[in-house]
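Here's a quick tour of one protein chain, written for someone new to reading structures. Have the 3D view open and follow along.

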Amino acid sequence: MKENEILVGVCGAHMEGLPLNWQLTALDATLVQKTRTQKGYRLFVLENRDPIRPGMIYDSSSDTQIELEVWSMPVENFGKFMKQIASPLGIGTVYLEDGNGIYGFLCEADFLKDAKEISDLKSWRNYIA
């Protein structure tokens with residue numbers, strides 16, 4: 001990674017070919033890697049969003065790994081990207097299976113109390129298929 005770039009992990013509607021991917025590509029982001037989180041992540045469906053999308057949380061009691069994509073974006077565009085992210089999603093540190101931490105989407109846990117959990121599918125693409 002170059003000094004003037006930032007890595008962003010996405011696990012849902014921002015993935016390549018999905019409805020919100022344009023928010024990355026419009027800001028000159030490029031796909032770097034397809035990988036998985038380390039164990040401990042859980043995935044839920046946020047059905048009251050348009051388009052529907054997942055909410056991911058870290059839960060140390062979980063053995064699940066979630067598929068995600070890592071995108072590289074110019075640092076100067078990261079603030080523009082952040083302005084497009086609405087509650088209950090936010091950006092935090094997501095740990096990859098190789099142990100590296102990158103910026104990625106995480107969900108406020110309180111919004112997932114009644115949400116459908118899809119962690120067993122291990123990816124958003126498996127759910128929408």
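Predicted model: local features only at pLDDT ≥ 70, side-chain atom pairs only at ≥ 80, totals over all residues.

**A threonine to start with**

Let's begin at Thr37, which sits in the loop between β2 (30-36) and β3 (41-46). Helices (H or I, at least four residues) and strands (E, at least two) are DSSP runs, numbered from the N terminus. Residues are numbered from 1 along each chain as its sequence is written, and side-chain values use heavy atoms, with hydrogens and water left out.

- Is Thr37 buried or exposed? Thr37 counts as buried, because its relative accessibility is 0%; buried means under 20% relative accessible area, exposed over 50%, and partly exposed in between (1.4 Å probe, protein chains only).
- Leaving aside neighbours within four places in sequence, Thr37 is in contact (heavy atoms within 4.5 Å) with residues including Met56, Ile66, Leu68 and Tyr95.

**The sheet**

- Five strands make an open sheet, in the order β2-β5-β1-β7-β6, with mixed pairing. Two strands pair if DSSP finds at least two bridges between them.
- The edges are β2 and β6 (89-95), each of which pairs on one side only.
- β2 runs antiparallel to strand β5 (residues 67-74), and six bridges join them.
- Thr35 has Leu68 as its bridge partner in β5.

**Aromatic pairs**

- How many aromatic pairs does the structure hold? There are four. Rings of Phe, Tyr and Trp (its six-membered ring) pair if their centres lie within 6.5 Å; planes under 30 degrees apart count as stacked, over 60 as edge-to-face and the rest as tilted.
- Phe78 and Tyr103 form a tilted pair, with 5.6 Å centre to centre and 45° between the planes.
- That pair links distant parts of the chain: Phe78 is in helix α2 (residues 78-82) and Tyr103 in strand β7 (residues 101-107), 25 residues apart.
- Phe78 is buried, because its relative accessible area is 14%, whereas Tyr103 counts as partly exposed at 40% relative accessibility.
- Phe81 and Phe105 form an edge-to-face pair, 6.0 Å centre to centre with 80° between the planes.
- This pair also links distant parts of the chain, with Phe81 in helix α2 and Phe105 in strand β7, 24 residues apart.
- Both Phe81 and Phe105 are buried.

- The peptide bond from Asp50 to Pro51 is cis, with omega near 0°, and Pro51 belongs to the loop between β3 and β4 (53-58).
- The bond from Ser87 to Pro88 is cis too, with omega near 15°; Pro88 lies in the loop between α2 and β6.
- Asp28, in the loop between α1 (22-25) and β2, is not a glycine, but has a positive phi near 65°. Asp28 is exposed, because its relative accessible area is 54%.
- Lys122 has a positive phi near 65° as well. Lys122 lies in the loop between β7 and α3 (124-128) and is partly exposed, with a relative accessible area of 41%.
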